[in-house]
Amino acid sequence: MDNYGNYETPIPIQRINDYYSSLRWRNQFSYMERLPQHLKEKVDSQDPVLQRYRLQISEGNDTTSQDLAKVDSSSTKINATLEKTFGNSMEDSILGRHQQYISQRPEWHAPWKLKRVINGHLGWVRCVAVDPIDNEWFVTGSNDATIKIWDLAKGHLKLTLAGHAMTVRDIAISERHPYMFSASEDKLVKCWDLEKNTAIRDYHGHLSGVHSVDIHPTLDLIATAGRDSVVRLWDIRARVSVMTLIGHKSPINKVHCLPVDPQIVSCSTDATIRLWDIIAGKSRKVLTHHKKSVRDMSFHPREFSMVSASTDDIRSWRLPEGALLTNFNSEKSGIINSLSVNQDNVLCAGGDNGTLSFYDYKSGHKYQTLATKEIPGSLGSERGILCSTFDQTGLRLITGETDKSIKIWHQDDIATPETNPGLPWNPKLSSQRF
Amino acid sequence: MFTSRLPPPTKTVHADSEIYQRSNERIVERLIKQPITVSSQSVANKLNFQDFLPLRQRNFDIEIPLPNAEEIRKATNKTKKVFDSLLQNKLESNGTSVANKNHKNVSSNVVRYGKSGTSNVVEMEIVEAVQDPLQPSRKKFRKAVAPISGEEVTPIYNSSNEKKLTKEEIRKWNIPSAISAWKNPNGYTISLDKRLGGKRSLAPNEVSSKFTDLSDALELADKRAREELSHRNERRKLLASHSGTPVQERDGKRLYNAGPEKTTGTEHAKIKAEEKELVSRYGERRNKNDVAQRLRKLAYAAGTSLSDKVISGTVAASKTPRVDYDTRLYSKGNKVHSKNSEPFYDDPLFVQQDIENIYRTKDTTSIPPTSAEARPVAFTKKTDIDESETKGKYGLSK
């Protein structure tokens, strides 16, 4: 008992860190320590005999002393050897690119937590949109065929709009008109006057349920798309379908308008995203990277890029041309129903199994996952996030769920990188897919 | 049958048989060779490895600026022009725009017949027929995915190496369509194993143990109630033996004593005497008939006669109902009703009213009949006048 205290000599945290980092390095990259046999032969054949011999000796020494080596030194060493052997072509190798990727640090974000639960709908909450001007209210559309307007600060119901006969699938609020547009599965798109609180126009023409609606930011056009797998452009006042964009092979999940080309972007259950040239009336580019139905896409408010999600697969794209920007570390995340990005580079992905996962937009690092709080009395199968959006400030996240509730989330104010470091930055080579 | 689908005649040598053959060859060529070679080449040309590589992998902080105002303005102007013209066309074709004269002239088309040099040149102006703007569209919308027209082949950038399902695996996932056990107009059959599989865990002819539980519980409750009753009875007997005379006997005596005391006096004696007289006359006392008899007597005394009908009606009205039920049941019900707010409906609605006396026959005895009509009708023989009439009419005789 007396010599118990002697065992408890304090180990410096630095040493523990070193130990674990070396362990991690060995588990992940020890296979990269040596070049493959065929490459080594190639390299060796270029060097003179004496140098070849030295290299071998030095490598042998390294392996003995590398157990407690720091990550940085070892990685730079490998970098150096790789660079030495391949020169400029190193950037094209998988390992080289992964090395580059891993050496960068993702931005830290505060974790998110539940702030408020709002009940009121009698069915799934299928879509949510925030007042674009004053940021004072938000709208939800539901399976009970109603649209409800809520106060954002207090969470009170302000108004219920009834007019649709079936599920309201999408809502778009205009910044330039006092109008709100809603798309429903009853094949109708309705225009609501927010000054009179009545539906003033119907847009007939879709052959099946309408899944998505969006307003063109500069022209008096709305784009709608749905189960009949075409995108229709309507003149707001004339109620005439001005253009029909044909190309998708199965129902379209989401359509979005942009002020410059590509002015229409749509994603579909045929696993493609199409960027449309509406002057020519056909698709400019088809993005075929996803394997399964692309259920949602979202646009970054501060940069010209978008993010799209299919099962286990989130990717972001640079916009005028549609070039792949980031592969998010999203394997095993299941079906993703909704995506939303805010101006602080936080991406929220709402899963069909009720998990919210938060990513750093630029690095693709998943820093938090959390399950939604279940409403008492709801079934176990009613865990699913169907829609989500950030408010105009990007500080609050509103989600609509299958348990008929609306939930508001916010970031933890007192969290710091020290207290809440989030999930570890430990991307696997396989998660990059290429 | 389309004649164009028929093969060309075999015996006659056609001038364009060669063309037929060539076109056939071309079709075959298109079907077999062309698409594959061309598309694969074009796809291969388009495929770019750099498209697989995420740009932000190298540097997270790539700047991607939003489009500036100038770009937006330019794009807006360009698209606005296109869409304005498109909208104009749409509105015109829909007939929503005002039909003006100039527009008509533009669409009209002048055609000339005959040789240009000769005098008999016929000039014709072809004008589009005016359409009813409110006529619904003649196009029939079908729920079909519109075909893609003239689109280039795009390479697929995902590794779709997913395993193809075998037939057995597909069969495993197959969910058979539901067949009702009650209504099956199309006569679908359900295989025997499926029928048995669909049933619940209970084997056929097995009764749930809950039934026996219930009967046991009921039996137990009954037994307890009986025991309690017998116990109570015993206690009551014990109490009665302590006080002396048995309770029931005593009560019965009191009732017996109270009954005749009330109806003492001259009236009672009178009635008794009458009864005695009646008994002596008819030998036996008949409850039903004595009232009628009395009525007849009264009528006789008054100097009138009563019909049998009137008498039987009066008898029925004055008849008292049989008292076969236990009156305690009713008194219990009334008590409950007075205590609780909820009414206790254990007897008919009009029990207070004497239902049998609602449709009472009129008391004809008090009012003497004034006319001959009130008296009973007497049937008489046919008179001779009737006979003469019939004879005169038809000229027939017996």
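Reasoning about rings, exposure and a sheet

Analyst: In this predicted model, A:I11 sits in the loop between α1 (4-7) and α2 (13-29) of chain A.

User: Why is A:I11 called exposed?

Analyst: The relative accessibility of A:I11 is 54%, and the label exposed is given to values over 50%, so A:I11 counts as exposed.

User: What makes A:I11 part of a nonpolar patch?

Analyst: Patches are built from residues with over 30% relative accessible area and no salt bridge, nonpolar side chains being joined within 5 Å. On the surface, A:I11 forms such a patch with A:I16, A:Y19, A:Y20 and A:L23, and together they have about 490 Å² of accessible area.

User: Why does A:Y19 count as partly exposed, and why does A:Y20 count as exposed?

Analyst: A:Y19 has 42% relative accessibility, and partly exposed covers what lies between the 20% limit for buried and the 50% limit for exposed, so A:Y19 counts as partly exposed. A:Y20, at 52% relative accessibility, counts as exposed, because that label applies over 50%.

User: How many aromatic pairs does the structure hold over all chains, and why is the pair of A:Y19 and A:Y20 called edge-to-face?

Analyst: Over all chains there are 14 aromatic pairs. For A:Y19 and A:Y20 the ring centres are 5.7 Å apart and the planes stand at 75 degrees; rings pair if their centres lie within 6.5 Å, and planes over 60 degrees apart count as edge-to-face, so the pair is edge-to-face.

User: Why is the pair of B:F52 and B:Y157 edge-to-face, and what makes it a tie between parts of the chain?

Analyst: The centres of the B:F52 and B:Y157 rings are 5.0 Å apart and their planes lie at 70 degrees, so this pair is edge-to-face. B:F52 belongs to the loop between α2 (34-46) and α3 (69-94) of chain B, whereas B:Y157 belongs to the loop between β2 (122-126) and α5 (167-173) of chain B, so the pair ties together parts that are 105 residues apart in sequence. Both B:F52 and B:Y157 are buried.

User: What makes β22 and β25 of chain A the edge strands?

Analyst: The open sheet has 4 strands in the order β22-β23-β24-β25 (chain A), with antiparallel pairing. Its edge strands are β22 (336-341) and β25 (366-371), each of which pairs on one side only.

User: How do you know that β24 and β25 of chain A are paired?

Analyst: Two strands pair if at least two bridges are found between them, and 5 bridges join β24 (residues 355-360) of chain A to β25(A), the two running antiparallel. In β25(A), A:A371 stands opposite A:T355.

Conventions. Residues are numbered from 1 along each chain as its sequence is written. Chains are lettered from A and ligands numbered from 1 in the order in which they are written. This is a predicted model: local features need pLDDT of at least 70, side-chain atom pairs count only at pLDDT 80 or more; totals for chains, interfaces and linings use all residues. Side-chain values use heavy atoms; hydrogens and water are left out. Rings of Phe, Tyr and Trp (its six-membered ring) pair if their centres lie within 6.5 Å; planes under 30 degrees apart count as stacked, over 60 as edge-to-face and the rest as tilted. Buried means under 20% relative accessible area, exposed over 50%, partly exposed in between (1.4 Å probe, protein chains only). Patches are made of residues with over 30% relative accessible area and no salt bridge: like charges are joined within 9 Å, nonpolar side chains (Val, Leu, Ile, Met, Phe, Trp, Tyr) within 5 Å. Accessible areas come from the Shrake-Rupley method with a 1.4 Å probe; for residues, only the protein chains shown count as cover. A salt bridge is a side-chain nitrogen of Lys or Arg within 4 Å of a carboxyl oxygen of Asp or Glu.
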